[in-house]
Amino acid sequence: MKILGTGLFGLIGSRVRELLSDKYSFGDISIQNGIDITDKKRVFDEIKNSDASIVLHLAAKTSVDGCEKDKKKDIKILRYKDIKRQEEEWFKEKTAWAVNVYGTKNVVDACIQSRKKLIYTSTDFVFDGSKNLYSEEDKPNPINWYGRTKYEGEEIVKKSSTPWIIARIAYPYRANFIRQDFVRILIEKLRKKEHLQMVTDHVMSPTFVDDIAYALDGLIKNNSTGIFHVVGSEFITPYDAACKIAKSFGLEENSIAKITRAEYFRNRAPRPFHLALKNDKIQSLGVKMRGLEEGLEEVKIQRSKFKITS
Ligand SMILES: NC(=O)c1ccc[n+]([C@@H]2O[C@H](COP(=O)([O-])OP(=O)(O)OC[C@H]3O[C@@H](n4cnc5c(N)ncnc54)[C@H](OP(=O)(O)O)[C@@H]3O)[C@@H](O)[C@H]2O)c1
């Protein structure tokens with residue numbers, strides 16, 4: 001089976017390709033291949049000319065604080081009455097709205113036109129964190145611009161007439177990649193005995209990237225449609241996660257200090273409080289989503305097998 005991906009050079013996409021290449025052949029729409037998803041015509045041509053039956057849409061602007069900085073400019077462009085002028089601005093500016101909403105609309109419209117199934121990767125940040133536990137049926141209410149743009153992407157996908165899956169992901173980590181994730185940043189800082197301030201009043205559902213790849217495979221094999229929470233099975237604060245990482249990698253915990261969200265994220269994009277997402281829907285397909293402790297064990301195994309030290 002053929003899959004046409006967007007953003008397959010990223011943290012998640014590159015691992016999906018590594019783990020699933022024996023089952024699927026991948027085509028790629030990406031900046032690295034000279035294709036920008038804000039280039040409507042190019043996206044339409046690529047999707048139309050591809051013989052893949054599925055489009056896996058991962059490309060996004062993912063920096064939460066970077067997206068927040070785009071908010072003012074996005075609101076200004078959104079006020080333009082002239083759609084053509086708006087589209088020109090999205091192509092030129094590459095803001096959060098340009099990539100995450102307009103870019104997603106281009107991918108969705110091209111999938112509708114070419115009758116391809118779409119898998120859209122979204123985020124736990126579509127929720128405001130005020131609820132104890134979120135299921136797929138809960139209504140999103142994003143509180144920062146990254147979450148808002150990803151949610152707008154979800155809405156475009158949901159309204160489309162092509163078969164779709166929305167896979168919501170949270171705090172992905174893996175054994176190795178050129179860009180560091182929160183686990184590898186913490187390993188490095190703990191090794192250097194750097195003073196760490198870790199938030200105590202935020203709860204997250206960290207997700208081992210390999211499990212995301214297997215979950216996507218499960219969704220494709222089962223011919224699923226709809227929304228799925230593709231997240232890890234453990235809810236934890238960043239402070240407790242740092243302590244767990246230290247223990248797991250035999251590093252000292254005494255450089256880890258406690259801090260609140262309000263202090264840590266001062267002058268940055270607001271973060272939701274309690275992002276615990278239920279994942280029983282994806283696990284009912286026979287896909288195992290590991291908790292942080294189990295995920296860290298596998299990270300350790302892979303890092304020692306491939307002698308990864310960075
Ligand atoms: N990382 C997280 O914490 C997280 C959490 C929840 C959900 N997600 C979602 O999961 C998906 C994948 O995330 P990730 O962590 O793999 O992100 P990533 O490492 O930032 O990868 C995103 C990829 O998209 C590409 N891209 C950005 N703008 C583009 C454009 N205009 N046209 C074409 N390609 C473009 C990037 O290319 P460049 O590298 O050249 O910019 C990169 O290869 C995203 O949809 C994200 O919203 C991520």
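The axes of helix H3 (residues 64–78) and helix H5 (residues 96–114) come within 8 Å and cross at roughly 70°. This is a predicted model, in which local features need pLDDT of at least 70, side-chain atom pairs count only at pLDDT 80 or more, and totals for chains, interfaces and linings use all residues. Residues are numbered from 1 along each chain as its sequence is written, and side-chain values use heavy atoms, with hydrogens and water left out.

**Helix pair**

- H3 and H5 are therefore roughly perpendicular to each other, a term for angles of 65 to 115 degrees.
- On the H3 side the contact (heavy atoms within 4.5 Å) is made by Cys67, Asp70, Asp74 and Leu78.
- On the H5 side Ala96, Trp97, Ala98 and Asn100 take part.
- By class, this contact of H3 with H5 has five nonpolar, one polar and two charged residues.

**Ligand shell**

- There are 23 residues around the ligand, and Leu11, Ile12, Tyr146, Lys150 and Arg179 come nearest; a residue is near if one of its heavy atoms lies within 4 Å.
- The shell divides into 13 nonpolar, seven polar and three charged residues.

- Polar contacts here are pairs of N or O atoms within 3.5 Å.
- A polar backbone atom of leucine 11 is 2.8 Å from an oxygen atom of the ligand.
- For leucine 58, a polar backbone atom is 2.9 Å from a ligand oxygen atom.
- Threonine 62 places a polar side-chain atom 2.9 Å from an oxygen atom of the ligand.
- The ligand exposes 900 Å² when taken alone, and the protein buries 82% of that, by the Shrake-Rupley method with a 1.4 Å probe.

Note on methods: A polar contact is a pair of N or O atoms within 3.5 Å; within protein, one must be able to donate a hydrogen and the other to accept it, and residues adjacent in sequence count only if both atoms are side-chain atoms. Ala, Val, Leu, Ile, Met, Phe, Trp, Tyr, Cys and Pro count as nonpolar, Asp, Glu, Lys and Arg as charged, and the others, Gly among them, as polar. Axes are lines fitted to C-alpha atoms, for helices over the stretch in contact, and angles run from 0 to 180 degrees between N-to-C directions. Helices (H or I, at least four residues) and strands (E, at least two) are DSSP runs, numbered from the N terminus. Angles under 35 degrees count as roughly parallel, over 145 as roughly antiparallel, 65 to 115 as roughly perpendicular and the rest as oblique.
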